[in-house]
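Me: I'd like to go through the charged pairs in this one. Can you take me through them slowly?

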Amino acid sequence: FIIDGEYIWTGSANISDTGTGGYNANVVASIKSKYLAEHYLIEFEQMFNDGSFHRSKEKLKKKEIKTNINGQNVELFFSPQSYSMYRGIIPLIKEAKKSIDISIFFLTHKNISKELVAAKNKGVDVRVIIDATGASNSYSKHQYLRDNGISLKVENWGGKMHMKSAIIDGMHLILVSMNWTSAGESKNDENTLIIRNAKDAKNYQKFFNKLWFSIDEKWLSKDPLAESTDSYPSCNDSIDNDFDKFIDSNDKDC
């Protein structure tokens, strides 16, 4: 959302009961910045007015969009024209010295997976929470990450791990609408915010830790099914959590 040319509301949440009502895990940024609003409006208008989407977008291509808000350095990228993965997310992961905590819906991107393993191998503590549906994708890199020593849990809440975000060294935030996939990076219309020295970093870290410890340790090595007795309360939520057209007691895994 761009409101009055001054306020931005963006993040991973769909405007739905599950997206904003607390059932799915999401993160949203509400920002007051005329500078950022101006660039979001350019992005919006080239799609709404010009009919340019995906790779046909030329405005803001490779442009550096950076500002400082109350001591926080903010970088903004639009996909696919801004190459947000290679110009924003991966460079910040390379900078990590102590910790990387990631909460993600789908993670299938080969290069970012390799960078996470490289960070682990140089002594960075890496933790990942991935959605159960995302883990069931045949291209998911979650087992590759586990096999290379990264602590990764698959959620078993019923609601989706719909966040696409990370915190680096307990102080830098990555907040995106984009799944960490090749399609998310190179085909879809998405936005990525990187906030360095984020004032909300402590609150985000506290929330991530709450999510992490809410998931049983057995899901460090096993994958719960998104709609099953593994994922409480997915069998009683009236939602088709695994998208197989069977809900609750009609799903064989419930």
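**Salt bridges and burial**

Reply: K57 is buried, at a relative accessible area of 1%, where buried means under 20%, exposed over 50% and partly exposed in between (1.4 Å probe, protein chains only). This is a predicted model, in which local features need pLDDT of at least 70 and side-chain atom pairs count only at pLDDT 80 or more, while totals for chains, interfaces and linings use all residues. Residues are numbered from 1 along each chain as its sequence is written, and side-chain values use heavy atoms, with hydrogens and water left out.

Me: ok, which residue does K57 form a salt bridge with?

Reply: K57 pairs with E43, their closest N and O atoms being 2.5 Å apart; a salt bridge here is a side-chain nitrogen of Lys or Arg within 4 Å of a carboxyl oxygen of Asp or Glu. K57 lies in the loop between α2 (34-48) and β4 (65-69) and E43 in helix α2, so the pair ties together parts that are 14 residues apart in sequence.

Me: and E43, buried or exposed?

Reply: E43 counts as buried, at 4% relative accessibility, and a network of salt bridges links E43, K57 and D189.

Me: switching topic, how many salt bridges are there in the whole structure?

Reply: A search of the whole structure finds 13, including one between the side chains of D50 and K59 at 2.9 Å, N to O. D50 is partly exposed at 43%, and K59 is partly exposed at 41%.

Me: what about E6, which side chain does it meet?

Reply: The side chain of E6 meets that of K32 in a salt bridge of 3.7 Å, N to O, and K32 is exposed, with a relative accessible area of 52%.

Notes. Helix = DSSP H or I, 4+ residues; strand = E, 2+ residues; numbered from the N terminus.
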